[in-house]
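Work through the exercises below with the model open. Each task is followed by a solution in steps.

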Amino acid sequence: MSDNALPDDAASDREEPKVRQRMKPGQRREQILQTLAGMLERPGTERITTALLAAKLEVSEAALYRHFASKAQMFEGLIDFIEHSLFSLINQIAEREGDGAHKAARMVTVLLQFGEKNPGMTRVMVGDALVFENERLHQRMNQLFERIESALRQVLRAAAEANQSASPTADAQVRAAALLAFALGQLQRFARSGFKRSPMDHLDASLALMCR
């Protein structure tokens, strides 16, 4: 080392202070939604406010509102993610060749797998996270489950026709309603248990009884 070289500690004092890198709008929106979903994964957590969310992100509430007009819009972003994730899989299952009852069982399975992998989203799906929130959020979740029930009815009607049922439409309606109620019950139990009781518990045996 030459006589003019700075020692390491002195050199570090001369370094430029690190500046937080500015995120692109889309990246910030995604970070906000990921953080909100992560906060929802804490069982028994208090109601999430924009102040708590902003503190978690270490930004101002005004910064949140530059990306979302309201907290309800943030929850709608989570519902959009749930909807896209589930129906990209459900539609693939519906389009495959094969037995309708097996397709219905696969649809229920992917719904419960999604819930297990995304506990915060499960709280949104069962309505736990939407208590005291905008009514349109509850309506959107109701519509999502109505779409899932409709997809189940479609494949189960095909199964009933293949089995020469005397009333394939009625049979499909009953079985689709029962399967959706079962799935919702599994998700609700998962959320109520603090995410300790897997929604996949005894799934194969349950579906074998309900989809035979």
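**Exercise 1.** Which residues does Leu 86 touch, not counting residues up to four places away in sequence?

Solution. The model is a predicted one. Leaving out residues up to four places away in sequence, Leu 86 touches Val 110, Leu 111, Phe 114, Met 125, Leu 144 and Ile 148. Next, look at the largest nonpolar core, which has 56 residues. Leu 86 is among the members that touch the most other members, a group that also holds Phe 75, Leu 78, Val 124, Met 125, Ile 148 and Leu 152. Finally, list the elements giving two or more residues to this core: helices H2, H3, H5, H6, H7, H8, H9 and H10.

**Exercise 2.** Find how many aromatic pairs the structure has, and classify the pair of Phe 81 and Phe 114.

Solution. A search of the whole structure gives two aromatic pairs. For Phe 81 and Phe 114, the ring centres are 6.1 Å apart and the planes meet at 40°, so the pair is tilted. Phe 81 belongs to helix H5 (residues 71–95) and Phe 114 to helix H6 (residues 100–117), so the pair ties together parts 33 residues apart in sequence. Now take accessibility: Phe 81, at 40% relative accessibility, counts as partly exposed. Phe 114, with a relative accessible area of 10%, is buried.

**Exercise 3.** Which ring does the charged end of Arg 147 sit over?

Solution. The charged end of Arg 147 sits over the ring of Phe 87, 3.8 Å from the ring centre.

**Exercise 4.** Where does UniProt place the feature "DNA-binding region"?

Solution. The unreviewed UniProt entry places the feature at residues 49–68. In the model, this span is 65% helix and 0% strand, and its end C-alpha atoms lie 14 Å apart.

Methods
Residues are numbered from 1 along each chain as its sequence is written. This is a predicted model: local features need pLDDT of at least 70, side-chain atom pairs count only at pLDDT 80 or more; totals for chains, interfaces and linings use all residues. Side-chain values use heavy atoms; hydrogens and water are left out. Rings of Phe, Tyr and Trp (its six-membered ring) pair if their centres lie within 6.5 Å; planes under 30 degrees apart count as stacked, over 60 as edge-to-face and the rest as tilted. Helices (H or I, at least four residues) and strands (E, at least two) are DSSP runs, numbered from the N terminus. Buried means under 20% relative accessible area, exposed over 50%, partly exposed in between (1.4 Å probe, protein chains only). A charge sits over a ring if NZ of Lys or CZ of Arg is within 6 Å of the ring centre and within 35 degrees of the ring normal. UniProt positions are given in the numbering used here, feature names are shortened, and annotations may be inferred rather than shown by experiment. A nonpolar core is a set of buried Ala, Val, Leu, Ile, Met, Phe, Trp, Tyr and Cys residues joined through side-chain atoms within 4.5 Å. Contact means heavy atoms within 4.5 Å.
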